[in-house]
Amino acid sequence: MDGRDKLLECLDRLQAHYDIDRWHWREDTSPFDVCAGAVLVQHTAWANVEKAVAALHAAGISDVEALARLGEAELAGLIRPAGTPAVKARRLKALAALVMEHGGFQGLFRLPGGELRGLLLSTHGIGPETADVIMLYAARHAVIVHDAYTARLCRRIGVGPEGGGYDAWQRWLDARLPGGLAYRWRGHAAIVVHCKETCRAKPRCAACPLRDLCDYGAREAATDALRPG
Ligand code: SF4
């Protein structure tokens, strides 16, 4: 089985194995919540993001207009649970300004994909991963999101590009995965759920639906077989 076939088989199995609808972003998640989450999750765990987003909602900040009106210091106070609040407040304000310059999310997300991605990348504090999360889950462009979970899974099952940069990974994945929005949405969600629940930093290979396909899992199984019973 070549790398592409192995990756596709793994993604099919993951989507069948996990309840992807438990993924924190669903069809009806607002663009505001996706964008806020995409910035707030930088360098922290999702549980902290949920607390910060809940604090925003409790303060009546549930849309970009309200975010744009809010002072940066007050915003920092609300999002403190997500860590580095001053840094993330400045980033959220910059993103809110971009959205408002285009008349709201609808106006911004109507732009062609390349133009939208360029604008996001030129916004303070938004790198390729954050931009692509916003592109996929908020603007609904069928882009590849690459992240540390994807790299971990691919390296363990034994597929991926020679090099390691974001662009190299994105090109490699883009050339091998089906292009539809639903597939890319659910495929990335499945990888994240799998890496949080099973293929953790210390993986739970015995419970993994990919074990017979996975190079790392095969080595673990061989080691287990050598252990005295
Ligand atoms: S077998 Fe282990 S290392 Fe391989 S994908 Fe599953 S949990 Fe990860």
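Guide: We begin with a term for accessibility. A residue is called buried under 20% relative accessible area, exposed over 50%, and partly exposed in between. Asp215, with a relative accessible area of 34%, is partly exposed because 34% falls in between those limits. Keep in mind that this is a predicted model.

Visitor: Is Lys6 buried or exposed?

Guide: Lys6 has 12% relative accessibility, so Lys6 counts as buried.

Visitor: What joins Asp215 and Lys6?

Guide: A salt bridge joins them, with 3.1 Å between the closest N and O atoms.

Visitor: How many salt bridges does a search of the whole structure find?

Guide: The search finds 8. One of them is formed by Arg13 and Asp212, whose closest N and O atoms are 2.6 Å apart. This pair also links distant parts of the chain, with Arg13 in helix α1 and Asp212 in the loop between α12 and α13, 199 residues apart. Arg13 is partly exposed, at a relative accessible area of 22%, whereas Asp212 is exposed, at 61%.

Visitor: Which side chain meets Arg117 in a salt bridge?

Guide: That of Asp132, at 2.7 Å from N to O.

Visitor: Now the domains. Into which parts is the protein chain divided?

Guide: Domain 1 consists of 3-22 + 145-222, and domain 2 of 31-138. Notice that domain 1 is written as two ranges. The centres of domain 1 and domain 2, taken over C-alpha atoms, are 27 Å apart. Their contact takes 11 residues from domain 1 and 8 residues from domain 2.

Visitor: How is the size of an interface given?

Guide: Often as the accessible area lost when the parts come together. Here domain 1 and domain 2 bury about 810 Å² between them, and 64% of this is on carbon and sulfur atoms. On the side of domain 1, Val145, Tyr166 and Trp185 supply 55% of the area buried against domain 2, more than any other three residues.

Visitor: How many salt bridges and polar contacts does the rule find across this interface?

Guide: The rule finds 0 salt bridges there. It finds 4 residue pairs in polar contact. As for the helices, α11 and α12 each supply at least two residues of the side of domain 1 that touches domain 2. Helix α12 gives the most to that side, with 6 residues. By type, the residues on that side divide into 5 nonpolar, 3 polar and 3 charged.

Visitor: Which residues is Tyr137 in contact with, leaving aside its neighbours within four places in sequence?

Guide: They are Trp23, Trp25, Val34, Trp185, His188 and Ala189. Tyr137 is found in helix α9, and at 0% relative accessibility Tyr137 counts as buried. The side chains of Tyr137 and His188 are joined by a polar contact of 2.7 Å. Tyr137 and Ala38 are 99 residues apart along the chain, and their C-alpha atoms are separated by 9.5 Å.

Visitor: Which residues of helix α10 are buried?

Guide: In α10, residues 148-157, the buried ones are Thr150, Ala151, Leu153, Cys154, Arg156 and Ile157. The buried residues of α10 pack against α1, α11, α12 and α13. After α10 comes Gly158, with a positive phi near 95°.

Visitor: Is Gly114 buried or exposed?

Guide: Gly114 has a relative accessible area of 62%, so Gly114 is exposed. Gly114 is found in helix α8, residues 113-121. From Gly114 to Gly187 the separation is 73 residues in sequence and 22 Å in space, C-alpha to C-alpha.

Key: Residues are numbered from 1 along each chain as its sequence is written. This is a predicted model: local features need pLDDT of at least 70, side-chain atom pairs count only at pLDDT 80 or more; totals for chains, interfaces and linings use all residues. Side-chain values use heavy atoms; hydrogens and water are left out. Domain bounds come from an automatic or database domain assignment. Contact means heavy atoms within 4.5 Å. Buried area is the accessible area (1.4 Å probe) that two parts lose on being put together, summed over both. A salt bridge is a side-chain nitrogen of Lys or Arg within 4 Å of a carboxyl oxygen of Asp or Glu. A polar contact is a pair of N or O atoms within 3.5 Å; within protein, one must be able to donate a hydrogen and the other to accept it, and residues adjacent in sequence count only if both atoms are side-chain atoms. Helices (H or I, at least four residues) and strands (E, at least two) are DSSP runs, numbered from the N terminus. Ala, Val, Leu, Ile, Met, Phe, Trp, Tyr, Cys and Pro count as nonpolar, Asp, Glu, Lys and Arg as charged, and the others, Gly among them, as polar. Buried means under 20% relative accessible area, exposed over 50%, partly exposed in between (1.4 Å probe, protein chains only).
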